[in-house]
Amino acid sequence: MTDERTKMEERKEGVAGYMQRAKEQATRNVEHFTEGMAAEMMSEGKLFDVAQEISDERLGELTVDDTTCGYCAVGCRFDVYTDGEEVLATRATDPEKSPVNDISTCVKGKFSYDFVNNDGRLTKPLVRDENDEWREATWEEAYEQVVEGFESIIDEYGGDSMCLIASSKATNEENYLMSKFARQVLGTNSVDNCNRLCHSSTVAGLASTLGFGAASVSVKDFEEADAILLSGSNTTEAHPVLATRIKQQVREGTDLVVFDPREIQMAEYATQYTKVLPGHDRAWVNGLIKYIVDNDLYDEEFVEERTEGFDEMVEAVQPFTPERVEELTGVPPAELESAAEIIGNAERCVIGWTLGITEQSRGTDNVTALANLAAITGNLGKPGTGVSPFRGQNNVQGGGGDMGPLPDNLPGYQSVTDDDLRAKFEDAWDCDIAPERGFYTTEMFLALEEGDLRGMYCIGENPSLSEPGKGHADEMLEEIEFLVVQDLFLNETAKYADVVLPACSFLEKSGTFTNTDRRVQKVNKVIERKGDSKQDWVILQELANRMGREWDYADTNEINEEMRSITPIYGGISHERVEAEGGVQWPCYDLDHPGTERLYEEEFNTDSGKANLTPVEYKEPMEQPDEEFPLTLTTGRVLYQYHTGTMTHPEEGIMKYNDRDFVEISPKTAAAYGIEDGDVVRLESRRGEITVPAQVTERIGDDVVFAPIHFAETAVNTLTSSDRLDPVAKTPEFKVSAVRISPVEGQEEIEYDRMEPISGDV
Ligand code: SF4
């Protein structure tokens, strides 16, 4: 807590509360009267002095502390004003401490905090009674049931029959402990997180070509770029503050090229917007590379000195003539050529993408092709250049990857199959670690079906809604032998749980998050925990100790100290430095290392130190539209909502703007099926069907439909597939599903069964 922080008088209940509020109102009335008098009698300068004094006095009643946003991975920092219980306002913090957002925040960063005090917050552990109904329990009783459940599965089937879904919303320190808990306490490598559903193909594609599975840039590289290529990224809705910075650059003359199936808002700012069919992106990227090489627009010197595999890669792009690219992707040859001219002629270009590129059965190929493009144009390792996958959840870079809650990697991307690295962790954690990787999240639900997994510990995730193939995921959650859910709310997954443990939100905890450009930033507790909820790291420690371990962390700083002692890329990132320097970017090997603003300035993180240009052949999406299911469904997010809505659905203000999902359909497609704007329509795939209101709009192409992912009543993952996975990263193909559409006669509304508060009902 900062020194300026003071506690407001505690809120009182009943008559005392009424008197307190009356006194505050009277004070405000006197202040308003005095302000009116003063305005008539005082000079302007004096008036400002008085206003400042009143403002200081009022602020003195509030608690203020800076923290990092818990919504998306742009990583905005701001001061949070609270009365000790509620978040009253946020305001940009000192720009020195907020290099990413400077003075900006988006609607979620500014206003989305009502969820903290929502009546539906879990404030006590829940267990099942003899009728299988929820009842509140003490922590001790809940822990006993969890330990008994976990241990009975481990004793009967072995530790590797357990799995843990970790939370990219939690801090780095907590995710480090989730990785450790899986290996040391449960005895399994089957620990994974939401990264599998979004950017694991980015991690795989970038790690194999350039060395690190992360953005090479800092946010300021966008400011120094002459050109920016954006693909599969609805930046204004998914990463709003980053979008604001890019739009500012465009106003100042930077060329913006956008490839996307939807004419998203960034298209309005673009030098060139090109509509593409979802699912084939490696084809147009290869087409760009071919044009750039054929027309000598590539950086010969960079290719010669800093890459290998150029000839093989060039040979692989030969089939991607403009005509072939148009046939596969719908990109007109003239637009392919003009985009190639802009990128090839730019001195400095940043290549950014999001899930439109990665959530495909060939997502790793798409990312590899983009890395090839960056390398042959020399757009790596210099100011204003680089590759920038915009990460989604607030801490998916750090918590979802760097900290090692991954089946194949220990913290710092140290491979579980490498004997020396594994031995280091076995020694540090005093346990045996299996030398084979565990199940990825998407594989966990298939392994549950086969009986290879029996129990699950799910922390801050909601796979019932977020996994591909909702029907299959729900069936597995129903059948699982023992399920523990740890969350803020009784979400859709918790309904299948045996025990539910109440966790704290990011506003109630301390530690660090790592944002999309590898910047580790401080998270500070700004309000007290609700009821008996606990921080994730506290719950993990108390469980570990009840399962025979001796964890003794006093706070997240002690966890961070242990983590950085065995994680070289975080070796110099202490809490003290992060606080003092306003964030430190990894890799940062020791306390004297300055951190790394931009990757690959000297060499790539590969065996040879050179970028591995890798041939990318074209393979079709695993499901294509056909006569029976003639449309392509692609899915995504909207500005006002966040993932499965755990934090945004309780927000009245947010729900006023967006309280339901929809399906976008082009006017031509709508006319072909007799659908009008607002009609309830049925969307069907081979996996199931949903009904959802139609939005008829020019922004989506013909024969393609788009639906957001945020509401259970219209759960779009009913339509996606659980077994069409990228062969390398095992990311599901959320962006491509063959569907058909039809109007639902006689239905004008969708029935919404909003999550009811459970406090007091159990
Ligand atoms: Fe938070 Fe992302 Fe909005 Fe910034 S852009 S305020 S990090 S949600």
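**A guided reading of the predicted model**

The largest nonpolar core has 110 residues, and those with the most contacts inside it are Phe 150, Leu 164, Phe 181, Trp 284, Ile 376, Tyr 457 and Leu 501. A nonpolar core is a set of buried Ala, Val, Leu, Ile, Met, Phe, Trp, Tyr and Cys residues joined through side-chain atoms within 4.5 Å. Buried means under 20% relative accessible area, exposed over 50%, and partly exposed in between (1.4 Å probe, protein chains only). With neighbours within four places in sequence left aside, Leu 501 is in contact (heavy atoms within 4.5 Å) with residues including Pro 125, Trp 139, Tyr 457, Val 485, Ile 539 and Leu 543. Apart from this core lies another, of 43 residues, among them Val 219, Leu 230, Ala 243 and Val 250.

This is a predicted model, in which local features need pLDDT of at least 70 and side-chain atom pairs count only at pLDDT 80 or more, while totals for chains, interfaces and linings use all residues. Residues are numbered from 1 along each chain as its sequence is written, and side-chain values use heavy atoms, with hydrogens and water left out.

The protein chain has 762 residues, of which 61% are buried. It contains 27 helices and 28 strands; these are DSSP runs numbered from the N terminus, helices being H or I of at least four residues and strands E of at least two. Among contacts between residues at least 6 apart in sequence, 74% join residues at least 24 apart.

Asp 255 in S9 is the bridge partner of Ala 227.

Strand S1 (residues 63–68) pairs with strand S2 (residues 77–82) in the antiparallel sense over six bridges. Phe 78 in S2 is the bridge partner of Thr 67. Six of the six residues of S1 are buried, with Thr 63, Asp 65 and Thr 67 on one side and Val 64, Asp 66 and Thr 68 on the other.

The ligand is surrounded by ten named neighbours: Cys 69, Tyr 71, Cys 72, Gly 75, Cys 76, Thr 105, Cys 106, Gly 109, Pro 240 and Val 241. A residue is near a molecule or strand if one of its heavy atoms lies within 4 Å of it. This shell has seven nonpolar, three polar and no charged residues, where Ala, Val, Leu, Ile, Met, Phe, Trp, Tyr, Cys and Pro count as nonpolar, Asp, Glu, Lys and Arg as charged, and the others, Gly among them, as polar.

Some backbone details remain. Asp 296, in the loop between helix H11 (281–294) and helix H12 (300–306), has a positive phi near 55°. Asp 296 is exposed, with a relative accessible area of 60%.

Conventions. Two strands pair if DSSP finds at least two bridges between them.
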